[in-house]
Amino acid sequence: MSSYAAIGSIFSGCLWKEEARVSNSNDRKRGARRLCVRASVAPPLHQRSTSVQIAESTARIGVLGASGYTGSEIVRLLANHPYFGITLMTADRKAGQSFASVFPHLIKQDLPDLIAIKDADFSNVDAVFCCLPHGTTQEIIKALPKGLKIVDLSADFRLRNIKEYEEWYGQPHKAHELQKEAIYGLTEISREEVRSARLVANPGCYPTSTQLPLVPLIKANLIELENIIVDAKSGVSGAGRGPKEANLYTEISEGIHSYGITKHRHVPEIEQGLSDASQTKVTVSFTPHLMPMSRGMQSTIYVKMVPGVTVEDLYKHLRISYEDEEFVVLLEKGAIPHTRNVRGSNYCFMNVFPDRIPGRAIIISVIDNLVKGASGQALQNLNLMMGFPENTGLLYQPLFP
């Protein structure tokens, strides 16, 4: 084929995706490689539409509960997604307002105004991110059109055992049949199940940072199932955007705030995943803490190794388990994972260290609680569900300093 340049534009929000491919027959005769250029660029201001336009080839996305932190993070991540465009946004308490008035840092995005969920029209939606509080999601999702793909960021479909949900969340489960359909979406562990799912229960932040290092080690029978201790710390955004006295600046700053001791609702979710990996009941000791930072999460995990197993064996197995993964990174030996190095990204950094107590090991796992711990993993899951590469729209590098 003679030299050509093919440029196709897809308008999604205020971003155009342009692809240009340049090839030269003379170059090919000399054995030169074909040059492919792919870029996302914004159109000139005077060419931007005043209303939301979505190309026919773009999947139409609804964000339910868009006024919370996870909702705003979904919008931020979708700003550079070439195949997803937002056509519906709900927020009952902010209904009638523009999204920019609620989150001014996203003022440049071309988005529909926020509406109450009772007024939502889903005829122009292909898939939904549900960012509503637990306890409100089951009935809402039950009423959605059956053809929608759904990623639920609440806890309402994470626990397969309905009685366990009712025990830990203190209210009846209102969508028993949907619970049977829901797939728990820890992407790297359940990739194929997620790919074919209609409804995915997106994991919690603490369970994500805890299960990613532990599940491969448990499956390989490298660590004992007893005496697993998880000491986890989170940025305050993990507690949500709602006004709470315990989250005031003067309550949180200049200190560490332990909470949910022995009764945090992520405990049964962690134990469910580890029990699945071991095919027997696993109980963990888990204590969470709020830290005086906006975002970030570290889980420091103490484990006992099976007799004859070394820390080197743990390291090698984690390396094998995740060497081909985009977002889970086992650091070089001795390197300590820090939350500041994953801020704003979908990465999980981890490493394993020998404990001073013989036969024990210390695992450190860090994520951004709003990205890999929530909205980033949700997007990773929806990419799979919609047939797109799972890293699409997620290659933001960590923000430092």
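**Entry 1: a buried aspartate**

I started with D368, which is buried, with a relative accessible area of 0%. A note to myself before going on: this is a predicted model. I then asked which residue forms a salt bridge with D368. The partner is R295, and the closest N and O atoms are 3.0 Å apart. D368 sits in the loop between β16 (360-367) and α12 (371-385), while R295 sits in the loop between β12 (284-291) and β13 (297-304), so this pair ties together parts that are 73 residues apart in sequence.

How many salt bridges does a search of the whole structure find? I got 17. My reminder for this page is that side chains of opposite charge can pair when their charged atoms come close.

I looked up E325 next and found a salt bridge with R191, with 2.7 Å between the closest N and O atoms. E325 lies in the loop between α11 (311-322) and β14 (328-330), and R191 belongs to helix α7 (residues 191-195), so the pair ties together parts that are 134 residues apart in sequence. Both E325 and R191 are buried.

Then I turned to E177, which forms a salt bridge with K180; here the closest N and O atoms are 3.2 Å apart. Both residues lie in helix α6 (residues 176-181), three residues apart, or about one turn of the helix. Are they buried or exposed? E177 is exposed at 57% relative accessible area, and K180 is exposed at 65%.

**Entry 2: strand β15 and its neighbours**

I followed strand β15 (residues 348-354) and saw that it is mostly covered, with six of its seven residues buried. I wanted to know which strands it pairs with. β14 and β15 run parallel and are joined by three bridges, whereas β15 and β16 pair in the antiparallel sense over seven bridges. M350 was a handy landmark: M350 in β15 stands opposite L330, and M350 also stands opposite S365 in β16. The hairpin of β15 and β16 has five residues between the strands, and there G359 takes a positive phi near 85°.

I looked at how helix α8 (residues 205-219) packs against α11, and the angle is about 105°, with the axes 10 Å apart. The two helices are therefore roughly perpendicular to each other. On the α8 side I found L212, P213, P216 and L217, which meet L314, H317, L318, S321 and Y322 in α11. Sorted by class, this contact has seven nonpolar, two polar and no charged residues.

**Entry 3: the six-stranded sheet**

My last stop was an open sheet of six strands with parallel pairing, in the order β5-β4-β6-β7-β9-β8. Which strands are at the edges? They are β5 (84-90) and β8 (183-184), each pairing on one side only. β8 runs parallel to strand β9 (residues 199-201), and two bridges join them; V200 in β9 is the bridge partner of I183. Helix α12 packs on this sheet and touches β4 (59-64), β5, β6 (127-130), β7 (149-152) and β9. The direction of α12 makes about 160° with that of β7.

Methods: Residues numbered from 1 in each chain as written. Predicted model: local features only at pLDDT ≥ 70, side-chain atom pairs only at ≥ 80, totals over all residues. Heavy atoms only, no water. Salt bridge = Lys/Arg side-chain N within 4 Å of Asp/Glu carboxyl O. Helix = DSSP H or I, 4+ residues; strand = E, 2+ residues; numbered from the N terminus. Buried < 20%, exposed > 50% of the residue type's maximum accessible area, 1.4 Å probe, protein only. Pairing = 2+ DSSP bridges. Axes fitted to C-alpha atoms, helices over the stretch in contact; angles between N-to-C directions. Parallel < 35°, antiparallel > 145°, perpendicular 65-115°, else oblique. Contact = heavy atoms within 4.5 Å. Nonpolar A, V, L, I, M, F, W, Y, C, P; charged D, E, K, R; others polar.
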